[in-house]
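Subject: Structure handover

Hello,

Here is the structure for you to look through. Please keep it open while you read the notes below.

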Amino acid sequence: MNNSTIAIYPGSFDPITLGHLDIITRGSNMFDSVIVAVLSNPSKQPLFTVEKRIEQIKQCTINLSNVEVDSFAGLTVEYAKMRGAKILLRGLRVLSDFEKELQMAHTNKTLSEDIETIFLATAKEYSFLSSSVVKEIAQFGGEISHLVPTDIVDDIYSYYNK
Ligand code: PNS
């Protein structure tokens, strides 16, 4: 029997930030493998396509040998079951995250009793950081190199300069 612990780190990652990368890195030290799962959500208008986001995350996690990047549509717990994972990994930044995240964790528990959500406290230097903050700054040409992995800075500026 395979006893390896697989954690799913689901999210929009539009775009991935240094806060996300910190959670992925710390998760990769805690679990046998981490699957970063990009939600394909047709009702949202994203900056980057799912394929582009996967490519960006792969580029930023190339040195983490137990990290895989994939996409999914539909329910996270169904995707987790399909991948044989019993853990959902999420980062918690501030109190306002907690309400939404706890509601999501409880909802997921009603859908699948044996899948656990594990929260990691976001590194304090990234407690303010979100993909929306990055987009807000980048659209006005502001500095984002301290907020996102170096590999994707140009992708983001190019989006707004096209
Ligand atoms: O990065 P985000 O946008 O905060 O991630 C949210 C995400 C993808 C984790 C959440 O929206 C999700 O799990 N969506 C899939 C649909 C689902 O499973 N809903 C039930 C839980 S509320």
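Is Thr-61 buried or exposed? Thr-61 is buried, because its relative accessible area is 4%; buried means under 20%, exposed over 50% and partly exposed in between, with a 1.4 Å probe and protein chains only.

Before the rest, some notes on how to read it. This is a predicted model, so local features need pLDDT of at least 70 and side-chain atom pairs count only at pLDDT 80 or more, while totals for chains, interfaces and linings use all residues. Residues are numbered from 1 along each chain as its sequence is written, and side-chain values use heavy atoms, with hydrogens and water left out.

Thr-61 sits in the loop between helix 2 (50-60) and strand 3 (67-72). Helices (H or I, at least four residues) and strands (E, at least two) are DSSP runs, numbered from the N terminus. Not counting residues up to four places away in sequence, Thr-61 touches Leu-21, Ile-24, Val-67 and Val-69, where contact means heavy atoms within 4.5 Å. The Thr-61 side chain also reaches the backbone oxygen of Ile-57 at 2.8 Å.

Next, the loop between strand 1 and helix 1. Both Phe-13 and Pro-15 are found there. Phe-13 is buried, with a relative accessible area of 3%, and its phi is near 50 degrees, a positive value in a residue other than glycine. The peptide bond from Asp-14 to Pro-15 is cis, with omega near 5 degrees. For background, most residues other than glycine have a negative phi, and most peptide bonds are trans.

The largest pocket holds about 1000 Å³ of space. On a 1 Å grid over the protein atoms alone, a pocket is an open set of points where a 1.4 Å probe fits, with protein on both sides within 12 Å along at least five of seven lines; lining residues have an atom within 4 Å of a point. Grid points are joined across faces, edges and corners, and the volume is the space filled by probe spheres set on the points. Of the 41 lining residues, Pro-10, Gly-11, Ser-12, Arg-90 and Lys-100 are the closest to the centre of the pocket. Helix 4 gives the largest share of the lining, eight residues.

Which residues surround the ligand? They are Gly-11, Ser-12, Leu-39, Gly-74, Leu-75, Thr-76, Arg-90, Lys-100, Met-104 and Asn-108; a residue counts if one of its heavy atoms lies within 4 Å of the ligand. An oxygen atom of the ligand is 2.6 Å from an N or O atom in the side chain of Ser-12. A polar side-chain atom of Thr-76 also lies 2.6 Å from a ligand oxygen, and for Arg-90 the distance from a side-chain N or O atom to a ligand oxygen is 3.0 Å.

Last, Arg-93 is in the loop between strand 4 and helix 4. Arg-93 is partly exposed, with a relative accessible area of 34%. Its side chain makes a polar contact with the side chain of Asp-97 (2.8 Å). A polar contact is a pair of N or O atoms within 3.5 Å; within protein, one must be able to donate a hydrogen and the other to accept it, and residues adjacent in sequence count only if both atoms are side-chain atoms. A polar atom of the Arg-93 side chain also lies 2.8 Å from the backbone oxygen of Leu-129.

Regards
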